[in-house]
Every structure is written in structure tokens, then in C-alpha cells.
Amino acid sequence: MRLESGLRQALADGELLLHYQPKFEISTHSMVGAEALVRWMHPQRGLVPPAEFIPLAEATGLIVQLGEWVLEAACAQAARWQAAGLPPFRLAVNVSAREFSPALPVRVSETLARYQLDPSWLELEITESTLMHDIERVIAIMDRITALGVSLSLDDFGTGYSSLSYLKRFPIDTLKIDRSFTTGLPFDGNDCAIASTIISIGRQLRHKVIAEGVETLQQLEFLRDAGCDEVQGYLFSRPLPAADFEEQLRAGW
Ligand code: G
Ligand code: G
Ligand code: NA
Ligand code: MN
């Protein structure tokens, strides 16, 4: 309860901030995107990681306001980078199940317009478990988002109740291999089989495939040889404050 009222206050007081973790295309070594990850700068406790407050925000419904703040802040930042003439890349925002409603495409559209942000700058990462309830409704909302020119990726792929019959109908650009599978590469035979299979399904459905949580060169080599398109993880960069991210970007990574 105390953390909940604290989080409500944090939203009001501007104690939330975003860090940005880059995504790289394996074939060209170029930075092609970034994921915005929320942090809470608590006046006493310091930087609180999202694992400690996102579940609470989801349980209490505060995630809707938090998600509004994140979308707003990410679009504002992307618009500054767009205006500064930086080479365009996709900036991904995480969307929780409870935010995934018909109000979402409306809010996305309004936010893009308010910042005059080209929609190709924005991507939404949706966790697989979001998508299993009322599939027709989910697809209708996804279609409204992609009609805006915003791309969608399916996060934590393989950890939820993936139904391949639904997967083929989702208008998504990218499948994101969950960190729990990347970790065991290239030594754990099961993780290798799962990662290779996700890459194969993704390619055959004409989606891009990205692996998150890449920490070693051996993981990168396995993923490259298996045909994975993009990578994200500590091997390349931790999530960075906007100023540090921008400095790296200007330096060309
Ligand atoms: O940054 P870190 O790896 O600690 O993030 C932990 C979890 O919090 C991840 O699962 C990530 O998807 C989630 N998360 C981070 N930022 C956001 C956000 O802005 N919105 C939502 N819904 N989840 C987020
Ligand atoms: O929930 P989601 O899957 O979106 O999680 C992203 C989280 O993973 C963030 O909290 C981020 O800080 C963390 N993360 C990003 N790259 C790595 C990595 O290479 N290794 C580990 N252990 N965590 C990572
Ligand atoms: Na994510
Ligand atoms: Mn993920």
C-alpha cells in the first residue's frame, strides 16, 4: 500500500524516467532501434528497477497512467531526436496487458500528432500473454495501431501460451526471443533448439527476429548462424540515460 501511494505520487512528482537500450542489426552491425525502459528515481531509495514496481502497477491498475506517461515521454524524446536530425530508428515502448484496449490506438495517434513524430519512429512491444484473451478484439486493436504506421513486436516470445494459429494472424513486425532462452546459448541444447525454432518460425512468417539478453560473443555467433536479425543486451550496451544514449548515437556506436 505504501509503495502504491508512493508510485502514484512518483507519477505526479516526476520521479519516473526512461533509460534506452539499443538494438543492433547483426548483418550490418548498425543500431536500428532502442527499447525505452522505465525507472523510478526514489528520493530515499535511489533508482528503483521496474521489476519492483511494474507488477504492482499492473495489479493496482496504475499501469494505465504509468503507460500513458511512458508513451508521452518516449514520444517527446523521439521527437527531440527527430528534430535534431539524428538518423531515424525505432523507439520501442513496452505495453502491459491492461493497457491493451481500444483506447490505446487513439492515445498513440494523439501522442504522435502532438509531437509531430513520424510514426515509423515508434514501436510497441506487447507481451505474448496479453494476447490470448479475446483474440478477435486483440487483432482489431493491433490493426488500428499498425494502420497508424507504428510497428508491433511480440515480447517474451515462447514464455506465454503461444498459439501458432494466432501467431500467423498477428500484424506484427518482430518476434522477440525471451532472455531466458538466450541465456543458455550455445551450450544448453534445449535453449539452442528453442531459439533456432523461433528464428525459423519468425522468418517463415516474414517477421524479423530479435534476441534480448545477449551477453556473450558465443551467444551472438549462435544467433547469427541461426539467422536471427537483431540483438539487444549487455554485450552491446546496458540501458542508458537519454544523454548517454544520444552521445553514443552521435559517436556512431
Ligand atoms: O529494465 P528491466 O530489465 O529491469 O525491466 C524489467 C521489466 O519491466 C521488463 O520485463 C520490462 O518489460 C518491464 N518494463 C520496463 N519498462 C516498462 C514500461 O515502460 N512499461 C511496462 N509495461 N513494462 C516495462
Ligand atoms: O521485460 P523485458 O523483457 O522487456 O526486459 C528487459 C530487461 O532486461 C530490462 O530490465 C533490461 O535492463 C534487462 N536486460 C537487458 N539486457 C540484458 C542482458 O543482456 N542481460 C540481462 N541479464 N538483463 C538484461
Ligand atoms: Na520489452
Ligand atoms: Mn522481453
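1. Of the 253 residues in the protein chain, 36% are buried. A residue is called buried if 20 or more other C-beta atoms lie within 10 Å of its own, exposed if 12 or fewer, and partly exposed in between, with C-beta atoms placed from the backbone.

2. This is a predicted model, in which local features need pLDDT of at least 70, side-chain atom pairs count only at pLDDT 80 or more, and totals for chains, interfaces and linings use all residues. Residues are numbered from 1 along each chain as its sequence is written, while chains are lettered from A and ligands numbered from 1 in the order in which they are written. The average pLDDT (the predictor's confidence in each residue, from 0 to 100) is 94 for the protein chain, and 99% of the residues score at least 70. The ipTM is 0.94 and the pTM 0.96.

3. Ten helices and ten strands make up the secondary structure of the protein chain. Helices (H or I, at least four residues) and strands (E, at least two) are DSSP runs, numbered from the N terminus. The protein chain is as compact as a globular protein of its length, because its radius of gyration is 18 Å, close to the 18 Å that the globule rule gives for 253 residues. That radius is taken over C-alpha atoms, and the rule is 2.2 Å times the number of residues to the power 0.38. Along the principal axes, the C-alpha atoms fill a box of roughly 45 × 45 × 35 Å.

4. Strand E2 (31–42) pairs with several strands; two strands pair if DSSP finds at least two bridges between them. E1 (residues 16–25) runs antiparallel to E2, with nine bridges, and His-19 stands opposite Leu-37. E4 (residues 90–95) runs parallel to E2, with four bridges; here Glu-35 faces Ala-92. E3 (residues 46–48) is antiparallel to E2 and joined to it by three bridges, with Trp-40 opposite Val-48. A hairpin of three residues links E2 to E3.

5. Some backbone angles deserve a look. Most residues other than glycine have a negative phi, and most peptide bonds are trans. His-29, in the loop between E1 and E2, has a positive phi of about 60 degrees. His-29 counts as exposed because it has 9 C-beta neighbours inside 10 Å. Trp-253, in the segment after helix H10 (242–251), has a positive phi of about 50 degrees. With 13 C-beta neighbours inside 10 Å, Trp-253 counts as partly exposed. The peptide bond between Leu-185 and Pro-186 is cis, with omega about -5 degrees; Pro-186 lies in the loop between helices H7 (179–182) and H8 (189–204).

6. Which residues are around ligand 1? Among them are Leu-37, Val-38, Asn-94 and Pro-239, where a residue is near a molecule if its C-beta atom, placed from the backbone, lies within 6 Å of it. E2 and helix H3 (63–83) each supply at least two residues of this shell. The shell has eight nonpolar, three polar and no charged residues. Ala, Val, Leu, Ile, Met, Phe, Trp, Tyr, Cys and Pro count as nonpolar, Asp, Glu, Lys and Arg as charged, and the others, Gly among them, as polar.

7. Ligand 2 is surrounded by 13 residues, of which the closest are Gly-213, Glu-215, Gly-233, Tyr-234 and Pro-239. By class, the shell around ligand 2 has four nonpolar, four polar and five charged residues.
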